[in-house]
Amino acid sequence: MSFAVSSASSAAVAPALAIEHVSKRFSSRTGTVVALDDVSLTLEPNESLAIVGRSGCGKSTLLRLIGGLEPDFEGRIRFEGQDIAGPGLDRGIVFQDHRLFPWLTISQNVGIALHEAAMPEAQKRQRVAEHIELVGLSGFDDAFPHQLSGGMLQRAAIARALTADPRLLLLDEPFGALDAFNKINLQQELLRIWHVRHIPMILVTHDLEEAIYLCDRIVVLSPRPGRIQSIVPVTLSRPRDRTSPEFTSIRKELLGQLGF
Ligand SMILES: Nc1ncnc2c1ncn2[C@@H]1O[C@H](COP(=O)(O)OP(=O)(O)O)[C@@H](O)[C@H]1O
Ligand SMILES: [Mg+2]
């Protein structure tokens, strides 16, 4: 087992997120599935971390635990020093399917995150408009989801996740359903947005190129039960050249880790 740790984790700053000995079992009448087994991991402020691994290895489960969507687990997860106790606007989540309401406009969908915020309506509208602009959807404020392409819908989902000013962005295969060109385009956009917002992010993906293009470290999970097999640091300067020998050699290393 190789276990490389990036230099960022030796910095004297408190981690944004600390995952300590986390295990998760799903039990049913047909038996018990150990989805995660003794996972420990920290995320530094402003760090971008990818989680890769074969289908069913527990990537989405780990993200759901961090998002507070799955309360029953063993171990401890602390975000900014506090135990996670359910979902919260401090963590924005984007899924593979956009999960926008079809009967609401893009503005209304993006504004959902501010529904309960103690903020004047005018300020809410301004914040929504700013985020629609941030993701490059200006002019589509009053459009309905069915009028947008797949890539535009994912942009709207990112805007919704960021509107409440979260301090952590969680993404579960956000571009998994997009075609290759749209995907590259959205990866570039996400990199730009991440630079603008300065918040840490965790990206679950099965796309190794996406992980290397975007992230500071790549966590490889082993198949059932999901354990940390290795953590591969990516120190290439950004924007990264997907065709460079260094990029390709990290891809090759990851493929090897995954047994290909
Ligand atoms: N709600 C659930 N009930 C029962 N088993 C589940 C549930 N969610 C996930 N699992 C199981 O946990 C394992 C990990 O799932 P998941 O985290 O979705 O994997 P990945 O995202 O890496 O494909 C799988 O074996 C899956 O079948
Ligand atoms: Mg998944």
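A polar contact is a pair of N or O atoms within 3.5 Å; within protein, one of the two must be able to donate a hydrogen and the other to accept it, and residues adjacent in sequence count only if both atoms are side-chain atoms. With that in mind, a polar side-chain atom of Ser60 is found 2.9 Å from an oxygen atom of ligand 1. The model is predicted, with local features needing pLDDT of at least 70 and side-chain atom pairs counting only at pLDDT 80 or more, while totals for chains, interfaces and linings use all residues. Residues are numbered from 1 along each chain as its sequence is written, chains are lettered from A and ligands numbered from 1 in the order in which they are written, and side-chain values use heavy atoms, leaving out hydrogens and water.

An N or O atom in the side chain of Lys59 lies 2.9 Å from an oxygen atom of the ligand, and a polar backbone atom of Cys57 is 3.2 Å from an oxygen atom of ligand 1. On its own, ligand 1 has 560 Å² of accessible area (Shrake-Rupley method, 1.4 Å probe), and the protein covers 62% of this.

The shell around ligand 1 (residues with a heavy atom within 4 Å of it) includes Phe26, Val33, Ala35, Arg54 and Arg224. By class, this shell holds four nonpolar, five polar and three charged residues; here Ala, Val, Leu, Ile, Met, Phe, Trp, Tyr, Cys and Pro count as nonpolar, Asp, Glu, Lys and Arg as charged, and the others, Gly among them, as polar. Helices (H or I, at least four residues) and strands (E, at least two) are DSSP runs, numbered from the N terminus. The largest share of the shell, three residues, comes from helix H1 (59–66).

Turning to the whole chain, the assignment, automatic or from a database, gives domain 1 (1–90 + 168–180 + 199–260) and domain 2 (97–165). Their C-alpha centres lie 27 Å apart. Six residues of domain 1 are in contact (heavy atoms within 4.5 Å) with eight residues of domain 2. Between the two domains, about 570 Å² is buried (the accessible area, with a 1.4 Å probe, that two parts lose on being put together, summed over both), and carbon and sulfur atoms give 77% of it. On the domain 1 side, Leu89, Leu169 and Leu178 lose the most area to domain 2, together 64% of what that side buries.

A cis peptide bond, with omega about -5 degrees, joins Arg224 and Pro225, and Pro225 sits in the loop between strands E9 (217–221) and E10 (228–233). Another cis peptide bond joins Arg238 and Pro239.
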